[in-house]
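Welcome, and please open the model in your viewer.

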Amino acid sequence: MSNEIEHNAAGAVTEPIADPGLPEHQYRPTDVDPAQERRTERQISFMFGLASLLAVAFCVAYFAIDDNQTFLGWSALNFALGASLGGALLLIGVATVQWAKKLMGDHEIIEMRHPAASSEEDRYAVMKDINAGIEESGFGRRPLIRNSLLGAMGALALPAVVMLRDLGPLPYGHANTVWAKGMRVVNDVSGLPIKPADVEVGQLVNAEPAILFDVDEEGEKVLHGADALAAKAKAAVIMVRMRPEDITPSKGRENWGVDGILCFSKICTHVGCPISLWEQQTHHLLCPCHQSTFDLADNGKVIFGPAHRPLPQLPLGVDSEGYLIAMSDFPEIVAPSYPELARDQKKLGDSA
Amino acid sequence: MSNYEYTDIEKTGLGKKAAGPVGWLDERLGLAGVAKKNLRKVFPEHWSFMLGEIALWSFVVLLLSGVVLTLWFQPSMGEIEYTGSYAPLRGVEMSQAYASTLHISFDIRGGLLMRQIHHWAAALFIAAMIIHMLRVFFTGAYRKPREINWLIGIGLLSMGLVEGFAGYSLPDDLLSGTGLRFVDGLIRSIPIVGSYIEFFIFGGEFPGDVIIPRLYMAHILLIPALLLGLIAAHMLLLVYHKHTQWPGPGRTEKNVVGYPMLPVYAAKAGGFFFIVFGFTALMGALVQINPVWTYGPYNPSEVTAGSQPDWYMGFVEGAVRIMPNWESTFFNYTWSWNVFVPAVLLMGVLFTVLGAWPFVERAITGDKREHHLLERPRNAPVRTAFGVAGMTMYGVFWIAGGNDIIATQFGMSINAITWVCRFAWLLLPIAAFIITKRICIALQRADTERILHGYETGIIERSPDGGFSERHAPLPESAQYTLTTHDRLPVLEAPAETDVNGVAAPHGRAAKLKARARAFYFDGAVDKPTVEDVEHANEHHGEYDGHPAELGEDFLGVSESGIPKSH
């Protein structure tokens, strides 16, 4: 650090140009020309006056304009309220700043700075006071009290942490969805079951498990509210029909489709967006959130983007009435990855 | 300083009427001591000092408009059937949060305006904070004694991002639900404890029925309280340290030159609040933002193409989009690098680097002095280059966050854009670093040139033997002074490899590393001219004997159109 100290000490000598000091004060037109001054005064008070009028205009608009009137294609009320309020505020602001710049005193003032630090004596006195506090309390001399106090304060953290336990249940059920053997695959809007003949080659159908539309004896939905959303967040599927010769099922999946109709999870294995952009020609499915691309003709394999796991496939079958059904729950874990995924996947594989 | 003549206080209306109330208050609060120091406190003037003020005032606008919104908003995920006046959604099942947002937008007069003011002010709040931070960074205003205030600023920015995210999740529309789904995936990617954190935050499986009320609490109570506290600390430290100022004639490390708080800054800053509020109100009136009614209620099986977060989350979005799909399994756990690295880790790294920078720079330069004069970006080439490199990286991530929009708007391949960004996020910042540093050094040279050789007057002279040359004239002394106020470069010394006894120095490796960092930090920077340089240059000016015409004191060169410039 020696060079800094030298530099500071010799600072005055090494500066190539000496400080010429504050420049002479420049007078504004409003300082020297009374006509200008009066004009500026009038301008500023005109702006304040206009602001008052706009505030009144806001109130008039509030009562006079109907909710559904439109102006240039959108809410006339919103436009009138916003324009009058914004105009009033802007005028007050501009007029005030103008007042400060044009008419208020503009002589620059010099204030001296002081180092941020307190004086050495003050610091010394504070240390002494703290020391006095420590000695008088016996904080240092009575380790038994001190340590038991520290222990008690530490122990208080336990209730604080334990209280958080009921924030939510422990993680469960990531591995399973509401799909089960025999559950019908239904249209996600109408809730109607689907026959293989309803799906044309190249078509994509957004579908859901039938349980999301099931009602009990009283006509109430079996799943509703948060339960329905949570179920849907994992069980939503898409069904596509491709020409059977285009499909290259991996081993064990040969009979998971029905006449070229395959069913995949709609939930991206990356961060869980519902995937919906279907390219008929290439059999690619693109996630609109982060562009992970899956090849549905090749077992939902990831061919681009940040997703790692292939899109889980739901084995399809046909029930006695000819409607498409699931032959089991997903054999793979749907939705975004999580730390216990590998373990859960192993369990799923073992139980299958 | 002012030569103004004030009316005797006893003779003014204020002195006669207010003396009583002022006395009454002071006898109870004793505030005159504090007020005396601060009412006429001096603030220096520069347009860039206004950026932080925009952030401050947009926060006040957020508080005001936010309070209005809470009068009607219902933070509940309870399901109801919509019966309000927006016809396309009538009869649709939705959460009360979404229904009440529609109610504010369509059935409360001025409600839509308040929603839009609130959203615009939020976008402005974050933007102003970032630009203010860049101003502080590039001028070195975070240096001692202001490092703690820099950290407070980082805290404000990071909490502002969380606050903004919590806010746009509240309406529970399709877009905000998609944002929450993204955050759910992001939380799950946290190694080992991800699922636990997910279940504790969402109260069970995504989406659950508690996340909106919990975010509401965070959005209107917890984070605003923290923000308010930090803003108070930020302002108190600003008052205590006194504002930094640009160097210039009469403006030194030891003083602060400017206008008093009362009346000039009270009027300017107070007026500026109305300007910021008025601006956001006009934006709310004229430019639509977040039309939640067009998205519909949240449905985990739907998403709109081109879904984007609010602009300030765009860099995380972009990093997530261009991250390769790495995921691995070891110790019986799944590690989702593809989400954890670009989302959680990136934000952590960003704020850590920002927070550590003043201390790293201080360790490199070894500068322990207080600094109250701002540094021009060119006079700290490596700092400036580092900042521009960081901005470039942020920019590449941000572009990557819009890769789908770019692809559809310009008919480009989304895969190609993604692949370019996968390399550009690292290569472009390196290029930006090198280019910026060279530009800074070139500007430093130009400054030296202007000090020593003056400026080009635009007057072409012909010498007796027929040569043409352009006459230079020295800069005004004040301009020359302003250009030479920055620090002289330190003398770089190689650290001693051995101590006095010839034994290898104990901290040899650390010292060497530090010396190398110092050499890197100051490499290529141009030192300002020495006293001898200036004297020599003045002699050179004096030697000149052409003098076709006296230039006169007001003369400032000739403009490109040939007209002499003057004051």
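**Before you start**

This is a predicted model: local features need pLDDT of at least 70 and side-chain atom pairs count only at pLDDT 80 or more, while totals for chains, interfaces and linings use all residues. Residues are numbered from 1 along each chain as its sequence is written, and chains are lettered from A and ligands numbered from 1 in the order in which they are written.

**Stop 1: where the chains meet**

Select both chains and look at their contact, which takes 88 residues from chain A and 108 residues from chain B. Two residues are in contact here if their C-beta atoms, placed from the backbone, lie within 7 Å. On the chain A side, at least two residues each come from α1 (2–9), α5 (76–102), β3 (109–112), α8 (225–235), β11 (301–304) and α9 (341–351). Helices (H or I, at least four residues) and strands (E, at least two) are DSSP runs, numbered from the N terminus.

Which element gives the largest share of this side of chain A? Highlight α5(A), which supplies 17 residues. Now colour the chain A side by class: you will find 50 nonpolar, 25 polar and 13 charged residues. Nonpolar means Ala, Val, Leu, Ile, Met, Phe, Trp, Tyr, Cys and Pro; charged means Asp, Glu, Lys and Arg; the others, Gly among them, are polar.

Next, select β3(A) together with strand β4 (residues 255–260) of chain B: the two pair in the antiparallel sense over four bridges. Strands count as paired if DSSP finds at least two bridges between them. Click on A:Ile109, and you can find its bridge partner B:Gly258 in β4(B).

**Stop 2: the domains and sheets of chain A**

Colour residues 25–102 of chain A as domain 1 and residues 185–351 as domain 2; these bounds come from an automatic or database domain assignment. The C-alpha centres of the two domains of chain A lie 59 Å apart.

Now show the open sheet of five strands in chain A, with the order β4-β5-β6-β7-β12 and antiparallel pairing. At its edges stand β4 (185–187) and β12 (313–314) of chain A, each with a single partner strand, so one side of each is left without a neighbour in the sheet. Within this sheet, zoom in on β6 (residues 237–241) and β7 (residues 261–265) of chain A, which run antiparallel and are joined by five bridges. A:Val240 stands opposite A:Leu262 in β7(A).

Move on to the open sheet of four strands, ordered β8-β9-β10-β11 (chain A) and also antiparallel in its pairing. Its edge strands, β8 (277–279) and β11 of chain A, each pair on one side only. Select β10 (residues 293–295) of chain A and β11(A), which share three antiparallel bridges, with A:Thr293 opposite A:Phe304. These strands form a hairpin with five residues between them, and A:Asn299 in the turn has a positive phi of about 60°.

**Stop 3: helices of chain B**

Show the side chains of B:Glu147, B:Trp150, B:Leu151, B:Ile154 and B:Ser158 in α7(B), which meet B:Phe351, B:Leu354, B:Gly355, B:Pro358 and B:Phe359 in α13(B). By class, this contact has seven nonpolar, two polar and one charged residues.

Where is the kink in helix α16 (residues 414–453) of chain B centred? Click on B:Ala424, where the kink is about 50°; the bend at a residue is the angle between axes fitted to the seven residues ending there and the seven starting there. After α16(B) comes B:Gly454, with a positive phi near 75°.

**Stop 4: backbone details in chain B**

Select B:Lys144 and B:Pro145, joined by a cis peptide bond with omega of about 5°. B:Pro145 sits in the loop between α6 (111–138) and α7 of chain B. The peptide bond from B:Leu262 to B:Pro263 is cis too, with omega near 5°, and B:Pro263 lies in helix α11 (residues 261–286) of chain B.

Finish at B:Asp172, a residue other than glycine with a positive phi near 60°. B:Asp172 is in the loop between α7 and α8 (174–188) of chain B.
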